[in-house]
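Reader: I am new to this structure. Please take a close look at one part, the aromatic rings and their surroundings, and then lead on from there to the strands and loops.

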Amino acid sequence: MPLVSVIIPTFNRADILKRSLKSVLKQSFTDFEVIIIDDASSDDTLSFLKEQSDPRLKVISLPCNAGVSAARNRGILQAKGDYLAFLDSDDEWHRKKLEKQVAFLEEHPESVILHCNEKWVRNGEHLNQRKIHRKEGGDIFERALELCLISPSAVVIKKSFLIDIGLFREDYLVCEDYELWLRITAVKEVDFLEDVLVTKYGGHEDQLSQR
C-alpha cells in the first residue's frame, strides 16, 4: 500500500484544482495515493477528474455539500497510507515537498507531525510574511493560542496519531484546522523544516480564511 495518502478537499474550484493536483502528481517522491473529495461541486470539477488517468488518484464525490472538515475526514477514513498529507485545492506543492518531509519522518520515528515553510501569494503578488507569522517547531502551544501557526497544506502527519487524537471538527465552518492544531500542540511538540515547500494563494472570494 502507499506510504502517504494525499487528501485534497474541493468545492467548485475546477480551474485552480488543476494546479494543485498537478503539483502532487509531479512530486519527486512517488509512493503515494491521492484522494480528492469533491464536496458536491456544481462546476466542472467531476468532469475534469474523470479525464485523469493516473492510477494513484481516487475520487470521492459527496452527495451534498458537507463542508471542508467532513470532506477531509471522509478522505482520512479512506486513506491507506501510514502518513497523511493535506493539500488545500487553492495551494501548490513544490516538487520535493513529500520527498523531504517523508525522509525526515522516516529518520525520526518519534515524530508525529511535521510542517514546513511556505511562500504566500495574494492576488498574484508575493506577500512578505510578518515576524508574528514566523513558523517554527517544538512546543509552540502558547504562541499558537495567539494565531494559527500551521497550514494544512504544509503538514504531513502520522495517520495513527491523528485517529487517536480525533479528526477535524465538522461543526466548525471555519478555523477547523486551527482547532485541531491547538489540540495537537497542547500535548505534542511539532517538527518543522525551514525549507519553503508550499505556495499558498490568497485573495480569492471563496477563501475560507476570509471568513
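Author: Buried means under 20% relative accessible area and exposed means over 50%, with partly exposed in between (1.4 Å probe, protein chains only). The model is a predicted one, in which local features need pLDDT of at least 70 and side-chain atom pairs count only at pLDDT 80 or more, while totals for chains, interfaces and linings use all residues. Residues are numbered from 1 along each chain as its sequence is written, and side-chain values use heavy atoms, with hydrogens and water left out.

In the whole structure a search finds two aromatic pairs. Rings of Phe, Tyr and Trp (its six-membered ring) pair if their centres lie within 6.5 Å; planes under 30 degrees apart count as stacked, over 60 as edge-to-face and the rest as tilted. Phe86 and Phe168 make an edge-to-face pair, with 5.5 Å centre to centre and 85° between the planes. The partners come from distant parts of the chain, 82 residues apart: Phe86 is in strand β4 (residues 83-86), Phe168 in the loop between α6 (159-165) and α7 (176-185). These elements are DSSP runs numbered from the N terminus, helices being H or I of at least four residues and strands E of at least two.

Phe168 is buried too, at 3% relative accessibility. With Trp181, Phe168 forms an edge-to-face pair at 6.4 Å centre to centre and 80° between the planes. Trp181 belongs to helix α7 and Phe168 to the loop between α6 and α7, so this pair ties together parts 13 residues apart in sequence. Trp181 is buried, as is Phe168. Phe86, Phe168 and Trp181 make up one aromatic cluster.

A charged group also sits by Phe168: Arg72 lies over the face of the ring, at 4.8 Å from its centre. The criterion is that NZ of Lys or CZ of Arg is within 6 Å of the ring centre and within 35 degrees of the ring normal. Elsewhere, Arg19 lies over the face of Tyr201, 3.6 Å from the ring centre.

Now to the strands. All seven of the seven residues of strand β2 (residues 32-38) are buried, so the strand is largely enclosed by the rest of the structure. Phe32, Val34, Ile36 and Asp38 point one way from β2, and Glu33, Ile35 and Ile37 the other way. Seven bridges pair β2 with strand β1 (residues 4-10) in the parallel sense; strands count as paired if DSSP finds at least two bridges between them. Thr10 stands opposite Asp38. Strand β3 (residues 57-61) also runs parallel to β2, joined by five bridges, and in β3 Lys58 is the bridge partner of Ile35. From β2 the chain crosses to β3 through helix α2 (residues 45-50), a right-handed β-α-β crossover. Right-handed means that, with the strands pointing away from the viewer, the path from the first strand over the helix to the second runs clockwise. β1, helix α1 (residues 14-25) and β2 also make a right-handed β-α-β unit.

Two loop residues complete the account. Most residues other than glycine have a negative phi. Asn12, in the loop between β1 and α1, has a positive phi of about 55° although it is not a glycine. Asn12 is partly exposed, at 28% relative accessible area. Ala40, in the loop between β2 and α2, has a positive phi near 60°. Ala40 counts as partly exposed, at 23% relative accessibility.
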